[in-house]
Amino acid sequence: MPTTVVIGAQWGDEGKGKVVDYLSQKMDFVVRVNGGPNAGHTVINEYGEFKLHLVPAGIFNSKTISIVGNGVAIDPKILLGEIDDLNKKGISCQNLKISDKAHLILPWHILLDELQEKERGANEIGTTKRGIGPVFSDKVGRFGLRAGDFINEKEFSEKLFFSFNQAKNLLGEKLSFSFDEILRKILSQKTYLLSYITQTEFILWEAIARKKNILLEGAQGTLLDVDFGTYPDVTSSTCVAAGASQGSGIPPKEINEVIGVVKAYTTRVGAGEQPFPTEMPKEISSALREKANEYGATTGRPRRCGWLDAFLLKYAAKINGFTSLAVTRLDSLSGFEKLKICFGYRTKEGKPISFEQLSTSRLKEVQPVYLEAPGWQEFPKDCKKLSDLPKEARKYLGKIKELVEVPVRLISLGPEREQMLRV
Ligand code: IMO
Ligand code: MG
């Protein structure tokens with residue numbers, strides 16, 4: 001059976017949690033591969049409503065092994081809180097495993113994230129302030145602490161001391177807690193986490209050998225990728241499909257399917273100034289935000305809303321090699337008389353920009369070119385097949401396929417697990 005990757009095709013918040021929860025019913029393993037608690041994956045199923053930040057969205061299936069892969073940065077406090085919350089709601093985390101190579105977010109990473117944002121001034125990114133930039137900087141700088149370091153307490157405390165002193169140099173008085181205080185706290189968290197930590201890549205190799213179903217759950221989205229996204233307004237991990245291999249230990253040749261999750265329109269959340277070519281005029285954007293509850297699952301910030309950008313989606317399809325698309329929130333577009341889809345850009349002077357000239361870090365300089373598609377009214381209550389959808393909605397999906405050049409195989413028509421069409 002294939003190994004499948006689920007990747008956000010836009011700026012995050014595409015509905016990956018729902019898609020992973022839906023697909024994981026048939027999965028033996030679900031692995032989170034990148035990012036950290038900056039992610040907010042909303043899942044609504046028979047157990048209730050959940051906003052997962054670190055635990056893979058496969059956790060609701062009692063037969064699935066859920067793995068926090070080596071590509072993820074873990075905040076022990078947030079992870080323990082999430083496990084506790086799941087347990088309280090009757091979801092067992094017995095099948096949860098954490099890679100020994102996953103990096104740990106330490107209290108000073110959060111302080112540094114805040115400080116760096118302040119220092120950027122007008123160029124602030126609008127990070128989630130979860131310590132993501134600093135923890136991944138320490139990872140590639142080779143100063144980081146990893147979950148596996150917990151195993152030897154003496155070595156752990158030495159590494160932590162080095163990291164603490166480095167942070168003290170940068171933060172001075174802002175680092176207000178003592179080393180002993182932090183060490184005590186982290187070691188108490190270790191007690192609860194240790195039993196989950198293991199070399200998860202070995203488990204996955206065995207799973208591949210036994211032809212198990214594996215799903216790799218990406219966080220964030222293609223346009224937030226540290227290399228191919230809208231740099232520097234991006235996150236600090238690899239969010240494209242190639243990162244799923246690196247973030248799990250599964251060889252690239254074992255990945256068979258890459259599903260791109262596409263919200264039927266576009267949203268972006270950050271400091272509020274980042275380029276967003278297809279942003280809707282304020283009135284339409286606010287109305288859609290209220291209707292679709294477009295507020296961040298992690299920070300609660302209002303998301304900016306825009307029309308579907310099929311030009312950027314084509315880029316996402318190329319860089320990820322999408323084999324199919326899952327289109328989410330189609331229901332939220334009901335009620336528009338007309339919809340716009342961006343299929344290309346022009347320069348401010350009106351000169352067409354070819355696909356080869358598209359630069360994701362120069363989106364401030366472009367103007368979108370739209371086609372208009374007819375809208376539809378509310379969907380019938382119980383849509384079970386494609387032909388139950390209004391013909392305008394089918395046409396809209398057809399346009400996505402035509403412009404992005406990838407077939408649409410999943411369509412989400414609402415927040416519940418069952419509100420999904422497979423075509
Ligand atoms: P999911 O997995 C949407 C955005 C932040 C900010 C930028 C950098 O739920 O789709 P960071 O804290 O990562 O340094 O912030 O990236 N961002 C997200 N936006 N969904 C996410 O995750 C995001 N994770 C980070 O808002 O603009
Ligand atoms: Mg989010």
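Biologist: How much area do domain 1 and domain 3 bury between them?

Modeller: Happy to start there, with the caveat that this is a predicted model, where local features need pLDDT of at least 70, side-chain atom pairs count only at pLDDT 80 or more, and totals for chains, interfaces and linings use all residues. Side-chain values use heavy atoms, with hydrogens and water left out, while residues are numbered from 1 along each chain as its sequence is written, and chains are lettered from A and ligands numbered from 1 in the order in which they are written. Buried area is the accessible area (1.4 Å probe) that two parts lose on being put together, summed over both. Carbon and sulfur atoms carry 56% of it here, and the total is about 3200 Å².

Biologist: Which residues of domain 1 lose the most area to domain 3?

Modeller: An automatic or database domain assignment sets the bounds, giving domain 1 as 3–100 + 197–259 and domain 3 as 264–422. Together, the residues you ask about make up 23% of what the domain 1 side buries, and they are Trp11, Lys18 and Tyr22.

Biologist: Which side chain does Asp21 meet in a salt bridge?

Modeller: A salt bridge puts a side-chain nitrogen of Lys or Arg within 4 Å of a carboxyl oxygen of Asp or Glu. Between domain 1 and domain 3 the count is 3. For Asp21 the N to O distance is 2.9 Å, and the partner is Arg417.

Biologist: Nice! Turning to the ligand, which residue has a side-chain N or O atom 2.9 Å from an oxygen atom of ligand 1?

Modeller: Backbone atoms also approach ligand oxygens: a polar one of Gly40 at 2.9 Å, and an N or O atom of Gly126 at 3.5 Å. The side chain you want belongs to Asn38.

Biologist: What share of the area that ligand 1 exposes alone does the protein bury?

Modeller: The surroundings comprise 21 residues (a heavy atom within 4 Å), with Asp13, Lys16, His41, Thr128 and Thr235 the closest. Next to the contact from Gly126 at 3.5 Å, the area is worth a look: using the Shrake-Rupley method with a 1.4 Å probe, ligand 1 taken alone exposes 550 Å², and the protein buries 97%.

Conventions:
Polar contact = N/O pair within 3.5 Å; in protein donor to acceptor, adjacent residues only side chain to side chain.
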